[in-house]
Amino acid sequence: MSEFHAYRNLKLCSKDCLCLFVCPTGATNNETGQIDFSKCIGCGACAMSCPSRAITMLPNAMPDPQIKSKEMVDKLFEISKNKINEIEILKYLLAKSNSNELRLIKALIYSNKIILEDLMRESDFMLPQGKKSLLLLSKISNNNDLKEITDKLLKSFK
Ligand code: SF4
Ligand code: SF4
């Protein structure tokens with residue numbers, strides 16, 4: 001059995017074409033539109049033949065993140081917190097802004113969110129299903145206010 005399985009990005013899939021013919025197990029022909037993981041043997045034929053590049057081969061087990069020093073992770077978290085504060089201030093300004101300022105403030109919020117994502121990735125939260133992210137979600141799920149949403153996320157990664 002391969003260490004990989006195929007995943008179809010439904011937003012890119014143009015439906016009913018090559019992967020349905022090349023898959024040796026019928027895993028691509030699934031009523032849900034997603035590939036049937038239980039039938040996939042990870043041969044990669046679907047990914048190679050997809051004209052829309054809608055199929056990615058994913059590892060069955062998520063790899064451990066690179067180990068970083070505590071100082072580095074602490075610093076990245078500190079910068080992340082600043083970015084979160086900036087986003088909150090920009091959101092406050094957005095609510096009070098006139099139409100000339102709207103686009104600029106929205107662009108600043110967007111760029112801050114991208115930087116924040118990069119910082120979190122660099123802080124070892126590389127994959128949402130990675131061990132460190134799962135541990136963080138489990139901790140947060142002890143908070144009653146956030147329990148419902150974190151439990152949903154944890155379930156979706158299983
Ligand atoms: S990787 Fe192979 S077995 Fe799995 S869905 Fe694609 S073609 Fe089918
Ligand atoms: S080959 Fe690609 S575009 Fe065609 S049905 Fe399969 S996933 Fe969708």
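Visitor: How is the protein chain divided?
Guide: This is a predicted model. Its protein chain is divided into domain 1, covering 4-59, and domain 2, covering 70-156.

Visitor: And how far apart do the C-alpha centres of the two domains lie?
Guide: The C-alpha centres of domain 1 and domain 2 are 32 Å apart.

Visitor: Let us turn to the helices. How many residues does α4 have?
Guide: Helix α4 has 24 residues, namely residues 99-122. From its first C-alpha to its last, α4 reaches 36 Å, which is close to the 34 Å expected at 1.5 Å a residue.

Visitor: What comes just after α4?
Guide: D124 is found there, with a positive phi of about 85°.

Visitor: At what angle do α3 and α4 pack?
Guide: Helix α3, residues 70-96, packs with α4 at an angle of about 160°, and their axes are 9 Å apart. The two helices, α3 and α4, are therefore roughly antiparallel to each other. The crossing in which α3 passes α4 is left-handed.

Visitor: What about α5 and α6?
Guide: Helix α5 (residues 131-140) and helix α6 (residues 147-156) pack at an angle of about 150°, their axes being 9 Å apart. That makes α5 roughly antiparallel to α6.

Visitor: Is that crossing left-handed or right-handed?
Guide: The crossing of α5 and α6 is left-handed.

Visitor: Changing topic, which residues come nearest to ligand 1?
Guide: There are 15 residues around ligand 1, and C23, A27, C40, C43 and C46 come nearest. By class, the shell around ligand 1 holds 11 nonpolar and 4 polar residues, with no charged residues.

Visitor: Which residues surround ligand 2?
Guide: Ligand 2 is surrounded by R8, C13, S14, K15, D16, C17, L18, C19, C50, S52, A54 and I55.

Visitor: How does that shell divide by class?
Guide: The shell around ligand 2 consists of 7 nonpolar, 2 polar and 3 charged residues.

Terms used:
Residues numbered from 1 in each chain as written. Chains lettered and ligands numbered in written order. Predicted model: local features only at pLDDT ≥ 70, side-chain atom pairs only at ≥ 80, totals over all residues. Near = placed C-beta within 6 Å. Nonpolar A, V, L, I, M, F, W, Y, C, P; charged D, E, K, R; others polar. Domains from an automatic or database assignment. Helix = DSSP H or I, 4+ residues; strand = E, 2+ residues; numbered from the N terminus. Expected span 1.5 Å × (residues − 1). Axes fitted to C-alpha atoms, helices over the stretch in contact; angles between N-to-C directions. Parallel < 35°, antiparallel > 145°, perpendicular 65-115°, else oblique. Left-handed = near helix turned anticlockwise from the far one by under 90°.
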